[in-house]
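Open the structure in a viewer with the sequence panel beside it. The stops below each start with something to select.

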Amino acid sequence: MIRVTAELSPRERYQLLTSLVVPRPIAWISTRSEAGARNLAPFSYFGAVSATPFLVSVSIGSRAGVDKDTLRNIRQTGAFCVNVATERQLVAMNESAGEYGPEVDEFDRAGLQSAEAQTVAAPYVADCPAVLECRVSQIVELPGSPNTLVIGEVLCVRLADEVPLIPGTLFADSRALQPVARLWGDLYALIGETPALLRPVVDRAPGAP
Ligand SMILES: Cc1cc2nc3c(=O)[nH]c(=O)nc-3n(C[C@H](O)[C@H](O)[C@H](O)COP(=O)(O)O)c2cc1C
């Protein structure tokens, strides 16, 4: 089949986008409201943007034209934590995804403990083996889209001992991390095979274009 995206409905575009841009890593985002209420929800429109400065992005949709709790809290405090959702947290992560009202504390709802970030005003999932503490760098409204792009600068990375570093580096062993990724609808992907390939060595003369 071939489809021109301008001729599709929003629902059809969503179906193609979320089933073809896969597997998407899941930012399980924890925030606190101005009034002090904890919030936790997963977001798979999530990506690496830059290492220096250390930037990640997340695209948050609106709920019937109103900011989701996560986005509202991020606008209020300029702070959030990205908890990397792992296999043992899959059920809790899904539980936290309900479209609950702002009064619901998803940490309680999913039976999770929180701890306080060191560098930003946000809680994180205490049991999560990898956490990125983020300060808002930019909030970008996307013309014609119900989504808002949040770019966060990672000020601090927390890694549990269960995720070892490759000796002599700060590469975390992603296989030990066991992250979960989203496909479409209710489907998730686990890490699976991790083949290693050496890149071609290209012998370029000094000064060659
Ligand atoms: C695995 C998963 C990934 C999701 N990714 C996104 C996303 O990228 N953007 C978004 O707006 N909602 C996403 N959602 C839906 C939100 O998690 C859901 O709307 C949640 O209730 C928002 O919570 P909040 O109002 O507390 O912020 C996702 C849900 C699941 C289960």
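This is a tour of a predicted model, going from the sheet to the pockets and then to single residues.

**The sheet**

Select the strands β3, β2, β8, β11, β12, β5 and β4, in that order. They make up an open sheet of seven strands with antiparallel pairing. At its edges are β3 and β4, each of which pairs on one side only. From one strand to the next, the twist averages 35 degrees.

Now keep β2 (residues 27-32) and β3. These two strands run antiparallel and are joined by six bridges. Show Ser 30, and look across to β3: Leu 40 stands opposite.

Next, select Val 154, which is in strand β12. Is Val 154 buried or exposed? Its relative accessibility is 7%, so it counts as buried. Apart from neighbours within four places in sequence, its contacts are Phe 54, Val 56, Leu 132, Glu 133 and Cys 134. Draw a C-alpha to C-alpha distance from Val 154 to Phe 54: the two are 5.5 Å apart in space but 100 residues apart in sequence.

**The largest pocket**

Select Tyr 14, Tyr 45, Gly 61, Lys 68 and Arg 182. Of the 36 residues that line the largest pocket, these lie nearest its centre. The pocket has a volume of about 1,000 Å³. The lining consists of 15 nonpolar, twelve polar and nine charged residues.

**The second largest pocket**

Move to Phe 46, Val 84, Leu 132, Ser 174 and Leu 177. They lie nearest the centre of the second largest pocket, which is lined by 31 residues and holds about 850 Å³ of space. Colour β4 (46-50), β5, β11 (130-141), β12 (148-159) and α5 (174-177), each of which supplies at least two lining residues. The largest share, four residues, comes from β4. By class, this lining has 26 nonpolar, three polar and two charged residues. Leu 132, one of the residues nearest the centre here, is also one of the contacts of Val 154.

**Backbone exceptions**

Most peptide bonds are trans, and most residues other than glycine have a negative phi.

- Val 22 and Pro 23: the peptide bond between them is cis, with omega near -15 degrees. Pro 23 is in the loop between α1 and β1 (24-25).
- Thr 52 and Pro 53: this peptide bond is also cis, with omega about -5 degrees. Pro 53 is in the loop between β4 and β5.
- Ala 64: phi is positive, near 50 degrees. This residue sits in the loop between β6 and β7 (66-67) and is exposed, at 82% relative accessible area.
- Gln 178: phi is positive here too, about 50 degrees. The loop between α5 and β13 (181-182) holds Gln 178, which is partly exposed at 37% relative accessible area.

**Last stop**

Finish with Gly 207, in the segment after β14 (188-189). Its relative accessibility is 79%, so Gly 207 counts as exposed.

Technical notes
Residues numbered from 1 in each chain as written. Predicted model: local features only at pLDDT ≥ 70, side-chain atom pairs only at ≥ 80, totals over all residues. Heavy atoms only, no water. 1 Å grid on protein atoms, 1.4 Å probe; cavity = no way out; pocket = protein on both sides within 12 Å on 5 of 7 lines; lining within 4 Å. Points joined across faces, edges and corners; volume = space filled by probe spheres on them. Nonpolar A, V, L, I, M, F, W, Y, C, P; charged D, E, K, R; others polar. Pairing = 2+ DSSP bridges. Axes fitted to C-alpha atoms, helices over the stretch in contact; angles between N-to-C directions. Buried < 20%, exposed > 50% of the residue type's maximum accessible area, 1.4 Å probe, protein only. Contact = heavy atoms within 4.5 Å.
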